[in-house]
Amino acid sequence: MSETTMNLTLRVWRQKNAQSAGTFVEYEAKNISVDMSFLEMLDVVNEELTARGEDPIAFDHDCREGICGMCSLTINGKAHGPLEATTTCQLHMRSFKNGDAITVEPWRAKPFPVIKDLVTDRSAFDRIIQVGGFVSVSTGGAPDGNALPIPKTDADAAMDAAQCIGCGACVAACKNASAMLFVAAKVGHLGLLPQGQTERDRRVLHMVAQMDEEGFGNCTNIGSCSAVCPKEIGQDFISRLNRDFLKASLRAK
Amino acid sequence: MTLESNVPSGPLAHKWSKYKQEQKLVNPANKRKFEVLIVGSGLAGASAAATLAELGYNVKCFCFQDSPRRAHSIAAQGGINAAKNYRNDGDSIYRLFYDTIKGGDFRAREGNVHRLAEVSVNIIDQCVAQGVPFAREYGGLLDNRSFGGAQVSRTFYARGQTGQQLLLGAYQALSRQIGLGTVKMYPRTEMLDLVLINGEAKGIVVRDLITGAISSHGGDAVVLATGGYGNVFYLSTNAQGCNVTATYRAYKKGAYFANPCYTQIHPTCIPVSGDHQSKLTLMSESLRNDGRVWVPKTAGDTRLPQDIPEGDRDYYLERKYPSYGNLAPRDIASRAAKEACDNGLGVGPGGRGVYLDFSDAIKRLGEDKIRERYGNLFEMYERITGENAYQRPMRIYPAVHYTMGGLWVDYNLMSNIPGLFVLGEANFSDHGANRLGASALMQGLADGYFVLPYTIANHFASTKQHKPSTDAAEFKEAEQEVEARIKKLLSINGKRTVNDFHRELGKLVWDKCGMARNDAGLKEALARIPALREEFWENVNVLGDAEALNPALERAGRVADFMEFAELLCLDALHRKESCGGHFREEYQTEDGEAQRNDEEFSYVAAWGYSGVGNAPVLNKEPLVYEEVHMTQRSYK
């Protein structure tokens with residue numbers, strides 16, 4: 001065994017579909033290169049499973065460069081695995097060592113039901129955006145881009161929140177399965193910009209109502225969400241969301 | 001057959017205004033009678049879906065990802081060009097137009113490119129209004145950066161995530177319409193066929209990727225915004241799901257495929273580390289502002305880079321292109337890296353890599369300054385390679401990044417099939433033989449926000465036939481074909497996986513039709529591809545069910561299309577006996593190794609028509625007529 005490859009034992013959640021019960025199944029992953037990403041390691045396992053005539057492990061992924069938000073996986077109990085500020089697709093096997101046993105699970109949260117194996121349904125996030133996560137401007141008729149000066153500090157702060165990739169790690173990490181960080185990121189992004197002011201109250205009220213309707217829990221200020229967030233979106237945005245929600249609720253009365 | 005581009009007559013700068021003045025309109029009450037099927041939800045698809053719905057059309061939008069927010073436009077890093085001239089540095093619509101035409105090596109259609117430059121300014125305004133957090137200066141106004149192929153600063157950006165922010169802007173506009181009920185969104189749904197009724201595009205057949213159900217959707221028009229075909233090479237900077245299936249199925253139904261051989265290889269990507277590799281990661285072109293590219297002077301030099309003295313290094317870009325140096329354009333920098341590695345001078349595993357060295361810049365500016373400029377890129381590099389680029393040079397190598405070719409469209413962005421519109425990277429029209437940095441985002445949004453909404457009205461106002469019933473025989477036939485193909489893929493039970501076939505195909509296409517191409521290599525590829533395709537259909541192993549989520553089956557269908565498409569790509573490359581932009585034929589180069597165009601014989605768009613698997617496709621030509629621009633030989637010496 002050279003230092004550039006390793007053998008691992010995987011415990012992977014297998015679940016045929018949403019209706020059936022799932023279970024952990026053990027697999028050996030042999031001769032895994034330290035240069036592989038975690039998903040490439042799963043590719044190797046799947047190639048072997050296919051060769052043996054066993055159903056490959058289903059998992060979501062697309063861009064494999066940490067920006068599309070499609071990949072997920074709770075690895076050894078941590079959403080997106082052991083590295084901070086890193087999606088599963090950017091986690092490389094050199095973060096593990098020969099002989100490790102690795103547990104791989106889907107996001108665990110009621111509003112994210114399992115579709116198959118490690119694939120979950122995150123459409124609840126889309127529905128939250130659909131009720132208010134936008135500025136209502138139709139195409140055409142926008143004023144010149146420089147007609148509205150925006151302080152650099154505000155634009156930068158808005159960008160900090162706007163970076164959210166919608167992966168759902170925040171929900172998976174939260175013991176309450178709260179989507180507060182996700183909602184706070186969008187409310188914060190648009191609320192920090194002048195373009196977002198006209199609909200600020202309406203936005204926060206609608207998005208929070210939808211969040212509740214989808215079955216996400218409430219925030220109890222643990223901070224697990226920010227700890228696993230690949231884009232390191234901070235807790236201060238949740239405080240901001242709470243303030244916005246309170247003000248909007250009072251004004252609505 | 002000569003193709004009609006339908007570019008309006010008159011002076012170049014007035015063509016689009018003239019079109020808009022003379023086009024036919026659909027009144028608001030009638031718009032709701034039309035249904036538009038949009039496939040793809042990236043910049044082009046999402047912006048088109050949102051805008052058409054705002055106008056009052058009924059829209060259905062389809063994407064294979066679990067959410068429209070995940071389309072691959074999201075991965076674009078650098079920025080978006082617009083002729084705002086906010087810098088007061090001499091930019092104008094004409095200059096953006098000219099840079100784009102020249103950057104494309106005079107192989108793009110003049111009228112389309114001018115329109116693109118015209119609407120570029122509206123895109124920025126629209127995105128700002130949506131709340132896209134573009135970078136700003138302390139005075140509160142929008143900031144710009146410079147990009148390759150231009151002498152002005154016209155690129156707008158949002159950190160290194162411009163594509164993400166623009167896509168989220170379009171996604172939010174689309175979400176608003178979904179919430180209002182004007183767009184019906186179909187995520188995790190893949191288009192598997194185009195349906196023509198009386199020669200017009202009137203519907204699609206799709207597979208629900210969760211249940212496996214095959215169904216038909218009828219509409220008054222079909223819009224394909226399904227991206228490029230870079231994954232034919234297996235390894236590329238594209239997302240795993242990117243595929244040619246939608247456009248290729250349309251091609252098989254009669255749409256012409258234009259200039260498939262125009263593919264863009266990006267010079268600065270992280271090299272391949274082993275056979276396990278599933279994708280390549282781009283490192284922003286901006287690194288070449290401060291990094292120096294070099295290889296050892298002698299083959300087989302195994303010393304660590306820091307132990308190789310200056311005299312034993314070849315800074316080949318600075319040597320060959322003294323005036324542009326390390327900032328030579330993408331196609332030129334890529335070919336030079338390949339040449340060095342072909343000569344055995346490459347570094348790193350497999351010898352396919354060159355150094356991008358920041359030590360001089362660190363000495364000059366200090367490590368902190370370099371960290372401030374490129375810190376996130378250095379981190380990404382370290383995450384992937386485990387190497388610290390502050391201490392040793394990065395290793396980089398070119399990788400497939402973008403495809404300029406695509407379905408042929410006229411000035412209306414309509415293909416030769418009436419009612420079939422094609423937007424963004426999926427069409428061929430605006431980038432010629434080479435795309436400039438920060439122009440892909442511009443084109444996707446231009447097509448969706450500001451071009452299609454006009455041209456589709458013009459089309460609807462002059463068509464009689466309305467949305468067909470999906471009970472029509474054409475739909476049933478298409479559904480049966482799709483089902484039979486899926487059944488066939490699942491019944492082969494061969495010995496090789498889909499990935500295994502894809503990897504072999506990709507390597508062949510990369511070796512013979514990649515950065516440099518020649519007659520013998522292309523002929524070899526054309527001889528080997530049909531054999532590989534045959535083996536695929538006899539020996540592929542796809543497990544699982546048709547009626548369930550089955551990622552291997554999805555992939556198998558896409559790879560099966562690449563197996564046919566690869567032949568078209570090589571055939572186009574073989575037929576184009578010249579070098580231009582991203583298409584470099586070794587036989588056609590100047591004495592000092594630069595691309596040599598042949599304007600006399602090849603100043604046309606090659607639009608291929610399907611004539612059966614394994615049969616030679618029919619070549620249709622659209623002559624490229626330049627009314628205002630004078631064609632010149634590019635020089636970066």
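Is B:Phe233 buried or exposed? With a relative accessibility of 2%, B:Phe233 counts as buried, where buried means under 20% relative accessible area, exposed over 50% and partly exposed in between, using a 1.4 Å probe and protein chains only.

## Ground rules

This is a predicted model, so local features need pLDDT of at least 70 and side-chain atom pairs count only at pLDDT 80 or more, while totals for chains, interfaces and linings use all residues. Residues are numbered from 1 along each chain as its sequence is written, chains are lettered from A and ligands numbered from 1 in the order in which they are written, and side-chain values use heavy atoms, with hydrogens and water left out.

## Aromatic pairs

Over all chains there are 35 aromatic pairs. Rings of Phe, Tyr and Trp (its six-membered ring) pair if their centres lie within 6.5 Å; planes under 30 degrees apart are called stacked, over 60 edge-to-face, and the rest tilted. Take B:Phe233 and B:Trp510: the ring centres are 6.2 Å apart and the planes sit at 90°, so this pair is edge-to-face. It links distant parts of the chain, 277 residues apart: B:Phe233 is in the loop between β9 (221-224) and α7 (245-252) of chain B, and B:Trp510 is in helix α14 (residues 498-513) of chain B. Helices (H or I, at least four residues) and strands (E, at least two) are DSSP runs, numbered from the N terminus. B:Trp510, at 25% relative accessibility, counts as partly exposed.

B:Tyr248 and B:Phe565 are also edge-to-face, with 6.3 Å from centre to centre and 85° between the planes.

## Arginines

Helix α7 of chain B also holds B:Arg249, which is buried at a relative accessible area of 8%. Neighbours within four places in sequence aside, B:Arg249 is in contact (heavy atoms within 4.5 Å) with B:Leu192, B:Asp193, B:Arg485, B:Gly557 and B:Asp561.

Elsewhere, the charged end of B:Arg313 sits over the ring of B:Trp294, 4.1 Å from its centre. A charge sits over a ring if NZ of Lys or CZ of Arg is within 6 Å of the ring centre and within 35 degrees of the ring normal. B:Arg371 lies over the face of B:Tyr390, 4.3 Å from the ring centre.

## Nonpolar cores

A nonpolar core is a set of buried Ala, Val, Leu, Ile, Met, Phe, Trp, Tyr and Cys residues joined through side-chain atoms within 4.5 Å. The largest one has 245 residues, and those with the most contacts inside it include B:Tyr57, B:Phe134 and B:Ile456. Its largest share, 13 residues, comes from α16(B). A second, separate core of 28 residues includes A:Val12, A:Ile57, A:Cys71 and A:Leu118.

## An enclosed strand

Six of the six residues of strand β18 (residues 604-609) of chain B are buried, so the strand is largely enclosed by the rest of the structure. B:Tyr604, B:Ala606 and B:Trp608 point one way, and B:Val605, B:Ala607 and B:Gly609 the other.

Strands pair if DSSP finds at least two bridges between them. β18(B) pairs antiparallel with strand β10 (residues 257-258) of chain B over two bridges, and six bridges join β18(B) to the antiparallel strand β19 (residues 618-623) of chain B. B:Trp608 is the bridge partner of B:Phe257 and stands opposite B:Leu619 in β19(B).
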